[in-house]
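Please keep the sequence and the structure in view while reading.

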Amino acid sequence: MTNDLKKFYDQLTSEEVILASDVAVDNLGVVMRAGINELDLAYDIINQINPITEADYERMYIMRIGVIRLIKLAMQAHPHFDAPSVTFQRSLKLSGSVLSLIAQIGTIEHGRRVAQSLISKNGQIRKIDEIFYISLPEDLPDHEWHERELDKYMNKYYSNILTQGFESLITSDMSKEVKLLLNKLVYPFRTHFIGYEAHFALDSYFYGHAYNEIILSKGFDTFHFATYFGKQTFQNYKLAATFIVSIGLKHRAFVRALIEKVPTIRIEDILTVSVITADFLEGLREFINVFGAQQEGHVPVNDEDVKNIFDVLSISRKNLALLDRPGAPIPPLVQCSDEHVIRPLIGATSDGVMLFLLNSLQFNFPKEYDKAQRDREGVMQRVIEATLRPLLPEIDYRFNIKLKRNKNTLTDIDMILFERSTKHMVLIQLKHQDPYGEDIATKQARTGRLNQQIHEWLGKVRSWIASSSVNEIQATFRLPPLQKNPQISLLVVTRHYAHSLRHVVDGEDVSSANWTQFVTAVERLMEKDIKQIILDDLIFELKFLSIPNEEYYLPEPRSEWRVGNLHYTIEQKGRPSK
């Protein structure tokens, strides 16, 4: 399999080189801009489809990964385009050729993603004659399903609360004013396109909606707001991300208003816009300073600061490596030239912007990022204690205990819970993670590293406990006098993902949960009619939520993929052809 897999990767690269040469002849950047336009149009259409079919999802997926790669190929082929920006109406001839190109590039990227997942899914690849046959097992477990569905439910729950709270502040007069302003300030630009004026009332309105969205996004609380990256606070980066989300929401609203106002305007010509960079930076600076002043510890920004923040939150020819991995997030901003920036509408989603921001911060400031990662477990300790206090008020807490043997440190315990009434002690290992989005390679690397670290931690802790006396346990964890060893449970709490740990947390003494599962377990216990809740109840709830019945991906029919001389098929054992 290894040799055939290498051949598959090599042929994927060879076919991409041919397509890249076609992209390289476009000196104006028309193909790249048309690709982004088509992706935004598809994104707008799919958001209005109900229900969304599997075919819709597949088409959108191929377009998404194809356009991201197209951006990279176009920008790396030209140090600069011959025109700082291009704007044009959609034509069937251009769209047809660009959509075909996107499909071919997307087919190559899909092949890379499938190849990356073969080992983790116990798949196989064989080359027979000139065709690569990829075979997947009959049953493919979806380990993330329960965490993903719980996240969706909790996000929807809190989003409704935030939206209701925000809308309760909006009077009917304010709503009318927003609608009137949208209609009044929007206008046709050069007959076929869109233009609109600014107004603080609209900025405030859409800031409120954007903020409610972004605070629920994965990665929003990754670092303390005062953490610095490249002389800028994480808070200011998040404000810039909120600005991008807010102008995306506002642009959608203006698009609808213009179409209602001037029905001859076509939506496909006005979804994606490019703007003058200097104007964008001016608006960004004003946004950060005005709305940031309402937040604790705000540090005002000047023109140089804003330019640095802008460079982190956009793709330029200096950081194209951010688009290397198949499944990378869509850039929220594309610097097509020094003078203009493209604003992909699909790149203005809260999860997407935050994921791009974290990837970019790590790329631009690796040393500062590593240091910030090491410092954030203290935040998890404080939040867990604050979450548990109302539920278990009699619990004693200890933090950062080192387990030693013969003066050598074996491992550490991030947090200890001790219940005096039951002599039950929970030893907690915390893992604050970064989200990995749709990046399969990053997911495999991070979950593999997490599994290895927890496997080693469990082994060392269990070995230390087994070889320790009652007095040593009492002294190490600073416990009250004990007559015998306490009941000891081990718990791993992660920030985002704990699904892979089901293969590691073996035994009745250990359980694991991500943060959403942990909070849900606490909330479930709070709602129960139990006279006195103890640590055993918490552990039971965590096991119930974190080790559910296995879920499986829906069966996939056999599919064939072709681009140039590359031909590969994907087949799940025991499944029919499409």
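Two rings of Phe, Tyr or Trp count as a pair if their centres lie within 6.5 Å, and planes under 30 degrees apart count as stacked. In this predicted model, a search of the whole structure finds 24 aromatic pairs.

**A stacked pair**

- The ring centres of Tyr436 and Tyr497 are 4.0 Å apart and their planes are at 20°, so this pair is stacked.
- Tyr436 belongs to the loop between β11 (424-431) and α14 (440-466), and Tyr497 to the loop between β12 (487-494) and β13 (510-514), so the pair ties together parts that are 61 residues apart in sequence.
- Tyr436 counts as buried, at 5% relative accessibility, and Tyr497 is buried with a relative accessible area of 9%.

**An aromatic cluster and charges over rings**

- One aromatic cluster is formed by Phe200, Tyr207, Tyr211, Phe220, Phe243, Phe280, Phe287, Phe291 and Phe310.
- Over the ring of Phe220 sits the charged end of Lys238, 3.9 Å from the ring centre.
- The charged end of Arg317 sits over the ring of Phe81, at 4.9 Å from its centre.

**The second largest pocket**

- The volume of the second largest pocket is about 1,200 Å³.
- This pocket is lined by 40 residues, of which Tyr196, Val275, Ile276, Asp279 and Arg343 are the closest to its centre.
- Elements that each supply at least two residues of the lining include β4 (193-196), α7 (200-214) and α8 (234-261), while α9 gives the most, with eight residues.
- The lining residues divide into 21 nonpolar, nine polar and 10 charged.

Conventions: Residues are numbered from 1 along each chain as its sequence is written. This is a predicted model: local features need pLDDT of at least 70, side-chain atom pairs count only at pLDDT 80 or more; totals for chains, interfaces and linings use all residues. Side-chain values use heavy atoms; hydrogens and water are left out. Rings of Phe, Tyr and Trp (its six-membered ring) pair if their centres lie within 6.5 Å; planes under 30 degrees apart count as stacked, over 60 as edge-to-face and the rest as tilted. Helices (H or I, at least four residues) and strands (E, at least two) are DSSP runs, numbered from the N terminus. Buried means under 20% relative accessible area, exposed over 50%, partly exposed in between (1.4 Å probe, protein chains only). A charge sits over a ring if NZ of Lys or CZ of Arg is within 6 Å of the ring centre and within 35 degrees of the ring normal. On a 1 Å grid over the protein atoms alone, a cavity is a set of points where a 1.4 Å probe fits but cannot get out, and a pocket is an open set with protein on both sides within 12 Å along at least five of seven lines; lining residues have an atom within 4 Å of a point. Grid points are joined across faces, edges and corners, and a volume is the space filled by probe spheres set on the points. Ala, Val, Leu, Ile, Met, Phe, Trp, Tyr, Cys and Pro count as nonpolar, Asp, Glu, Lys and Arg as charged, and the others, Gly among them, as polar.
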